[in-house]
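Open the model in your viewer and keep the selection panel at hand. The stops below say what to select next and what is there.

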Amino acid sequence: MRQARALPLSRRGLLTAGGALGLGALVTACGDNGGSGSGGDGGGSWSFTDDRKKKISLDGRPQHIVAYIAAAAALYDFGIEKQITGVFGPTTLKNGKPDVQAGDFPVDRATSLGNTWGQFNVEKYASLSPDLLITNMYNPGALFYIPDDSKKKILQLAPSAAITTGRVSMLEPIKRYAALAEALGADPKAKKVTDAKARFEKATETLRKTVKSHKIKVMACSASADLFYVSNPKISADLIYFSELGVDFVVPEKPDKGGYFESLSWENADKYDADVLFLDNRTATLQPGALTSKPTWSKLAAVKAGQITPWSSEPRFSYAGAAPLVESLTKAIQDAKKLS
């Protein structure tokens, strides 16, 4: 699948439609001390091995990082607050407010290189004197949101690090972003981090208990003007993890190429029955208010029952980012009635 195309559905273009590399690489560094080199704030050598098993070696800890917005948000949750000077991907809405994918990252502190699919201002990127480029990886070797037509120029300007975020359970990229943040100088024992982890662990146990007593069928889905997408819980990292906790998801029978989802015409959007719709809430996707003109949508049992809950289908891979997602899904299942 192509790495760049017109959005409306960024994650559906890659995360839901593309393959992904299995988690493999470990953090390495001089002295095998977890990814950070000797010295602080740029002093001493620094290295990190990403999930392409590519070792990045620098003279010092990176001080000018450019990152895909979800990667920046995850690193921010783990304590990287000053080194990220540039971001790309859906960062702000038309009104200037942060996009949902920006999480808690202070978007006004970083230069945006492009807010939509296919946009990446190479000249502006070069002006930031980047030490390191960081992004997610949903397809083997493919750097998410890096356009194919300018990829070569972009990768010549600074080393890149990719974290696998598909076909693995959500815990894996969370751990990898935690390791990368530590390598970049964050304190893994900071209260902000430990509190978030405790909240996440509590939330997961609550969800695990909830699904044992509430036999609810959930359908992870996404909507566009022309198609209704049923996501595959065996491919997307968050859905894999929720399945491990016991959530009963609809599994599409005929996933499209890549395996991430089955695309249905709106005439066939009622192919699967579900008690709860876990609906993609990204800015580029259609939400319930915009779907009332679709007759099949309005006939879905979960829609009639009002059992629709937002799905952050492109999560930020941190404990702080994941905990609210688990809590939201838990509440939706707790509040839902069995419809079929």
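Which residues do ring pairs link into a cluster? Select Tyr68, Phe88, Trp117, Phe120, Tyr125, Tyr138, Phe144 and Tyr145 to see them.

**Confidence**

Colour by pLDDT next, as this is a predicted model. The protein chain averages 89, and 87% of the residues score at least 70. Now select residues 1–40. Here pLDDT stays under 50, although the model has 147 contacts beyond four places in sequence for this stretch. Where pLDDT is low, the predicted coordinates should not be read in detail.

**The sheet**

Switch to cartoon. Find the open sheet of five strands, ordered β5-β4-β3-β6-β7 with parallel pairing. β5 (111–112) and β7 (160–164) stand at its edges. Each has a single partner strand, so one side of each is left without a neighbour in the sheet. Zoom in on β3 and β4, which run parallel and are joined by four bridges. Select alanine 67: its bridge partner is valine 87 in β4.

**Helix α2**

Select residues 69–77, which make up helix α2. Is this helix enclosed or open to the outside? Nine of its nine residues are buried, so α2 is largely enclosed by the rest of the structure. Among those buried residues are Ile69, Leu75, Tyr76 and Asp77, along with alanines such as Ala70 and Ala74. Show what covers them: the list includes β3 (65–68), β4 (84–88), β6 (132–137), α5 (171–183), α6 and α10.

The charged end of lysine 192 sits over the ring of tyrosine 76, 4.3 Å from the ring centre. Then step just past the end of α2 to glycine 79, where phi is positive at about 115 degrees.

**The nonpolar cores**

Which residues touch the most other members of the largest nonpolar core? Select Phe105, Ile134, Tyr177 and Phe242; the core itself has 81 residues. α2 gives the most to this core, with eight residues.

Centre on phenylalanine 105. Leaving aside residues up to four places away in sequence, phenylalanine 105 touches Ile69, Ala72, Ala73, Tyr76, Ile84, Val87 and Ala110. Several of these names return from the α2 stop, including Ile69, Ala72, Ala73 and Tyr76.

Another core lies apart from the largest one.

**Aromatic pairs**

How many aromatic pairs does a search of the whole structure find? The total is 19. Select tryptophan 46 and phenylalanine 48 for one of them. Their ring centres are 6.3 Å apart and the planes stand at 15 degrees, so this pair is stacked. Tryptophan 46 and phenylalanine 48 are both buried.

Move to phenylalanine 200 and tyrosine 319. This aromatic pair is tilted, at 5.5 Å centre to centre with 55 degrees between the planes. The pair links distant parts of the chain, 119 residues apart: phenylalanine 200 is in helix α6 (residues 191–213) and tyrosine 319 in helix α10 (residues 319–335). Both residues are buried.

**Last stop: threonine 204**

Remain in helix α6 and select threonine 204. Why does threonine 204 count as buried? Its relative accessibility is 5%, and the cut-off for buried is under 20%. Show its contacts to finish. Beyond residues up to four places away in sequence, threonine 204 touches Tyr241, Leu245 and Val326.

Definitions and conventions. Residues are numbered from 1 along each chain as its sequence is written. This is a predicted model: local features need pLDDT of at least 70, side-chain atom pairs count only at pLDDT 80 or more; totals for chains, interfaces and linings use all residues. Side-chain values use heavy atoms; hydrogens and water are left out. Rings of Phe, Tyr and Trp (its six-membered ring) pair if their centres lie within 6.5 Å; planes under 30 degrees apart count as stacked, over 60 as edge-to-face and the rest as tilted. Buried means under 20% relative accessible area, exposed over 50%, partly exposed in between (1.4 Å probe, protein chains only). Helices (H or I, at least four residues) and strands (E, at least two) are DSSP runs, numbered from the N terminus. A charge sits over a ring if NZ of Lys or CZ of Arg is within 6 Å of the ring centre and within 35 degrees of the ring normal. Contact means heavy atoms within 4.5 Å. A nonpolar core is a set of buried Ala, Val, Leu, Ile, Met, Phe, Trp, Tyr and Cys residues joined through side-chain atoms within 4.5 Å. pLDDT is the predictor's confidence in each residue, from 0 to 100. Two strands pair if DSSP finds at least two bridges between them.
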